[in-house]
Amino acid sequence: MTEVATSDQLFVVIDPVARRTDGESVRIAKDVLSAGARTKVCLPDSPEEFARALARRGSRRPVVIGDDRALLRTVALLHRQRELAGCVLSIVPVGAIGVLSLARSLGVPTGAVAAARAVLEGTERRLDLLVDDSDGVVVGAVRIPAQREPADADGYGEADTETGAAAHPWLRTCQSLVRTLAARPVRGARGARVAPLPGGPGPSRLRVEVDGVTLVDLDQPVEAVTLTPGVPGGARVEVRPLSVGAEASPLGVVGRRVTVSGADFRYRADAGSVSGPVRRRTWVVREGAWGLTLPA
């Protein structure tokens, strides 16, 4: 780990969702950062403005005030610009609790003051990254099949689901009713159960290869496949076979290159949107691909 000089000029990008969700924490973080270093503050209102601002940061150290989606957006942009390896990224997590779990798991303090101080006084830690064959990046995990999560929306121009439900109890009631009705099986005219619509989560026939070795093949249906970077030696791969009778034990290995193939499948990388359908996707571990400022 290398020391991050507090004299570095900071380029502070404040995500609009953070401004709407918790303006007070944004103000506190900005005050702490401005008191400890020279800062340039940018307030983008769209993903396009966010990308343009990041591209114009010059030699300043990028600091993002926002939630997990803002962090992932920044990592992806820097990767596409081929500048991720050469800069140290910092984040002050601000947002709803449900979309701060990735930052917390990486070791970033979730309090505005503590996180801002870590930006000023912390150290750089190099972290692994998963990069797929379409140039997509993964910081936290890949899940197959893709499960619906609260963070589906990008956040720009949309009210936060958790915050909105808390402010309007009737909204939470309506959401609960919709989920209940959607979960009930549909019955035909004579009471027979109708098969669910295609494309929903369910058993899949997939071939999973780790470093050229087949972990599971097409003849064994699986319920889920998960890839997680950041473990010694590469990424952790866990396959949950379909249980028939007795519950099947998950299969787990660690590898550097993972290929999933088979019938059309969808996947979710981190808290991003669902990708696919695809018939083949390969993820490769890049060790120490990016740097994040964490408490010393």
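What share of the 296 residues in the protein chain is buried? The answer is 43%. Let's take a walk through this predicted model, starting with the whole chain and moving on to a few local details.

**Overall picture**

The protein chain holds 8 helices and 15 strands. Among its contacts with a separation of 6 or more, 68% join residues 24 or more positions apart. Confidence is worth a look before you set anything up: the average pLDDT of the protein chain is 83, and 77% of the residues reach at least 70. Over residues 157–172 the pLDDT stays under 50, and the model has 18 contacts beyond four places in sequence for them. Residues 175–200 also stay under 50 in pLDDT, with 11 contacts beyond four places in sequence.

**A pair of helices**

Two packed helices are described by the angle between their axes and the distance between the axes. For helix α3 (residues 47–55) and helix α4 (residues 68–80), the angle is about 55 degrees and the axes lie 11 Å apart. An angle between 35 and 65 degrees falls in the oblique class, so α3 is oblique to α4. The crossing of α3 past α4 is right-handed. On the α3 side, the residues that meet α4 are Phe-50, Ala-51 and Leu-54, and their partners in α4 are Ala-70, Arg-73, Thr-74, Leu-77 and Leu-78. Sorted by class, this contact has 6 nonpolar, 1 polar and 1 charged residues.

**Helix α6 and its surroundings**

Helix α6 covers residues 112–121, and its buried residues are Ala-112, Ala-115, Ala-116, Ala-118, Val-119 and Leu-120. Which elements do the buried residues of α6 pack against? They pack against β2 (10–14), α2 (23–36), β4 (61–66), β5 (88–93) and β15.

Glu-121 is also found in helix α6. Is Glu-121 buried or exposed? Glu-121 counts as exposed because its relative accessibility is 53%, and the cut-off for exposed is over 50%. Glu-121 and Pro-295 are 174 residues apart in sequence, yet their C-alpha atoms are 7.2 Å apart in space.

**Backbone details**

Some backbone angles deserve a friendly flag if you plan to check geometry. Here they are side by side.

| Site | Backbone feature | Angle |
|---|---|---|
| Ile-144 to Pro-145 | cis peptide bond | omega near -5 degrees |
| Gly-276 to Pro-277 | cis peptide bond | omega near 5 degrees |
| Asp-135 | positive phi | near 75 degrees |
| Asp-270 | positive phi | about 55 degrees |

Where do these sites fall along the chain? Pro-145 sits in the loop between β8 (142–144) and α7 (161–167), while Pro-277 belongs to strand β15 (residues 274–294). Asp-135 lies in the loop between β6 (123–132) and β7 (137–138). Asp-270 is placed in the loop between β14 (257–269) and β15.

Asp-135 is partly exposed, because its relative accessible area is 29%. Asp-270 has a relative accessible area of 8%, so Asp-270 is buried, the cut-off for buried being under 20%.

Conventions
Residues numbered from 1 in each chain as written. Predicted model: local features only at pLDDT ≥ 70, side-chain atom pairs only at ≥ 80, totals over all residues. Heavy atoms only, no water. pLDDT = per-residue confidence, 0-100. Contact = heavy atoms within 4.5 Å. Axes fitted to C-alpha atoms, helices over the stretch in contact; angles between N-to-C directions. Helix = DSSP H or I, 4+ residues; strand = E, 2+ residues; numbered from the N terminus. Parallel < 35°, antiparallel > 145°, perpendicular 65-115°, else oblique. Left-handed = near helix turned anticlockwise from the far one by under 90°. Nonpolar A, V, L, I, M, F, W, Y, C, P; charged D, E, K, R; others polar. Buried < 20%, exposed > 50% of the residue type's maximum accessible area, 1.4 Å probe, protein only.
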